[in-house]
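Please work through each task before reading its solution.

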Amino acid sequence: MLSFFRQKGISNVLYGAIILAIILTFVIEFRPNASSRTASLSEMCAARVRGRCLDPKDFSSAYRVLMPSRSAETSRRLNIKRVALDGLIERELLDDEAKRLGIGVTEDEVTDQLYAGYVRASVPSADPAVAQQILQEMYQSYARAGLVSQEVAQAHFNDRDTAIPVDFRDPKSKVFDMKVYERQVRNLSNRSTTEFRAEQARELLAAKMRDVVRAPVRVSETEAWEEYTRRYDTATVSWLAVKEAWTARWLTGANASQADVDAWVKDHQKDVDEALADRLKQDAPKAGHIRHILVKLPYGATDDEKAASLAKLAWAVTRIKAGESFAEVARVTSDDSGSAALGGDVGDKTDGFVAPFKAAADALTPGETTAGAVETQFGYHFLLRDDPAKAADIEAKVKRSVARSLYAKATAVDASKKLADAIRAAIQGGKTADDAIREALADAVHPGGKVDKLRILPAPAGVDAGAAAPSKASADGGTTAAAATLPDKVFDASTDGDRPQVQTSSAFNRGGDPFPGLSPDGTTSVIDFAFAGQDGSVMKEPVRMADGFVVVQLKQHKTATRDEFAKDRDTFVQELVRAKRDEALSLYVRRLREQAKDDIKIDASFIQEAKVDGGTGGGAEDEDEY
């Protein structure tokens, strides 16, 4: 054979190269797991940190160690692949810092850790809340895999201890056993014991560096007491809101004379003209379009709540029958905020609506409204089908209503503030909040006109109203049995859900939210008042909200005591120290990553979670890609 190659010379060298290439191709293409990712002859890295390659085997090991008992859903939900790679990158940066500071790890330290049955995994520290979630899931995963008990898992999580206790002992002798160690390492990381030991040495060095950052953090007695009082000093307030929507509905809109409106328009003619132009476009009837007014019902509404909602819708219908534009009434009444801004317009396609609404809308002819309320799971609806033939009449109605509507809304701010000031002064003078409200509203509330009771239309045959109670037609073919059983209710200023009403907050601390609707500045002012005022005192000024003004009275301020603090002190201080150390490490790691951002390169293919199969089934729930 040797003489053969000598005789053929260079041509035989070429043949040999071809044969070698075929062999290499065979080995690469038909190696174990060849179908998962085809390697190139160049170095493959899950990431590079300052030029150093994080080998895919390192990544695979970190992924396995982080979550030995996991599912595809858990991995996707927690983005475990990204967590594993970020942990490795953080480990490399911390190891560099440790070397810079002259901190090292001896062979004996690594041996002692493994002999004691501990392994480590780097959980990224940049976001303390996420780190805690991952750490808790990690220990629960070890508990599910039977590697630690639930009690040990919880204890290690509470201590933020990433030294995971994995038993390498013989079950009978209870001493370290090399065969058990090798088996556990192989199952846990899919690495040889030599490779695993090298990885654990790097993890131990990073852990030392984390301890260097966290260890100096302390909490002083003064700091602990101040935080304790911030959390456990509590206050409760009574509050009542004077909403601009209510004021515009029952004061500035209902009581304004035409002379008042005309005088205001003279000073705001440009605003009125612009609004009128917009309204004419929005409210002009469009062929086939459906408009509606919705009054919502709470889930599981009582008969009283249903009657109140039906009365509000009846009041809106009465306004329309009295000559107001359907679109303008929808704009200020409907609880469907999206369509209300468009004058109740929901377009000309009804296929996407719930069955009772669709059936009622499809039955309407141009210019026709429903004969009563349509009940769905959302509440009560009153519907209109646009009629382009009535465009001139609609335009006239819009022109009549726009000026008054704008006047009511514009003057409602000052009127709401004035009313809130009057209520505040009455409470400050010694009246109860309820009495103060009644006194302030006695001369101001417009009583409203006569409103005919609105019937609930029977649902068409075969159509379910959804969550609403099914309606049955009565003998007269109109009023339903459901409507007939509802109590009589009137919708006016005194029953309007937006009316000023006294409410009491839950107890809140200095970092809490006193009640909904406050701006950040409003929250700060209420908290400052609540923790500085005397019980029963009233804030000097009503607080501005997005939709009005709120009067606030301090109901109770409860102060934390030193005796209570003494009982909880040790546990409380431990919690503070833990949180403060988490934050210190977070800031440190974020700074390291920011400094090294140009020297970190990630192969995104390694952190892509398995995609959901869209419900076709197939893959097992347990996932083991690496």
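**Exercise 1.** Compare the span of helix α9 with the expected span.

*Solution.* The model is predicted. Helix α9 covers residues 178-189, 12 residues in total. From first C-alpha to last, α9 reaches 16 Å, close to the 16 Å expected at 1.5 Å a residue.

**Exercise 2.** Determine which residues of α9 are buried and where around the axis they lie.

*Solution.* Buried means under 20% relative accessible area. The buried residues of α9 are V180, Y181, Q184, V185, L188 and S189. Because they cover an arc of only 130° around the axis, these residues lie on the same side of α9. K179 and N187, on the other side of α9, are exposed.

**Exercise 3.** Identify the elements against which the buried residues of α9 pack.

*Solution.* The packing partners are the helices α3 (56-66), α6 (107-115), α7 (128-144) and α10 (193-214), together with strand β3 (118-120).

**Exercise 4.** Describe what caps the N-terminal end of α9 and what follows α9.

*Solution.* At the N-terminal end the cap is D177, with a side-chain oxygen 2.9 Å from the backbone nitrogen of K179. After α9 comes N190, which has a positive phi, near 60°.

**Exercise 5.** Find the residues of the largest nonpolar core that touch the most other members.

*Solution.* This core has 56 residues, and those touching the most other members are L66, L85, I89, V119, M138, Y142 and V166. Helix α5 (residues 80-100) gives the most to the core, with 9 residues. Leaving aside residues up to four places away in sequence, M138 touches L66, M67, V123 and I164.

Definitions and conventions. Residues are numbered from 1 along each chain as its sequence is written. This is a predicted model: local features need pLDDT of at least 70, side-chain atom pairs count only at pLDDT 80 or more; totals for chains, interfaces and linings use all residues. Side-chain values use heavy atoms; hydrogens and water are left out. Helices (H or I, at least four residues) and strands (E, at least two) are DSSP runs, numbered from the N terminus. The expected span of a helix is 1.5 Å times one less than its number of residues. Buried means under 20% relative accessible area, exposed over 50%, partly exposed in between (1.4 Å probe, protein chains only). The arc is that of the directions from the helix axis to the C-beta atoms. Contact means heavy atoms within 4.5 Å. A polar contact is a pair of N or O atoms within 3.5 Å; within protein, one must be able to donate a hydrogen and the other to accept it, and residues adjacent in sequence count only if both atoms are side-chain atoms. A nonpolar core is a set of buried Ala, Val, Leu, Ile, Met, Phe, Trp, Tyr and Cys residues joined through side-chain atoms within 4.5 Å.
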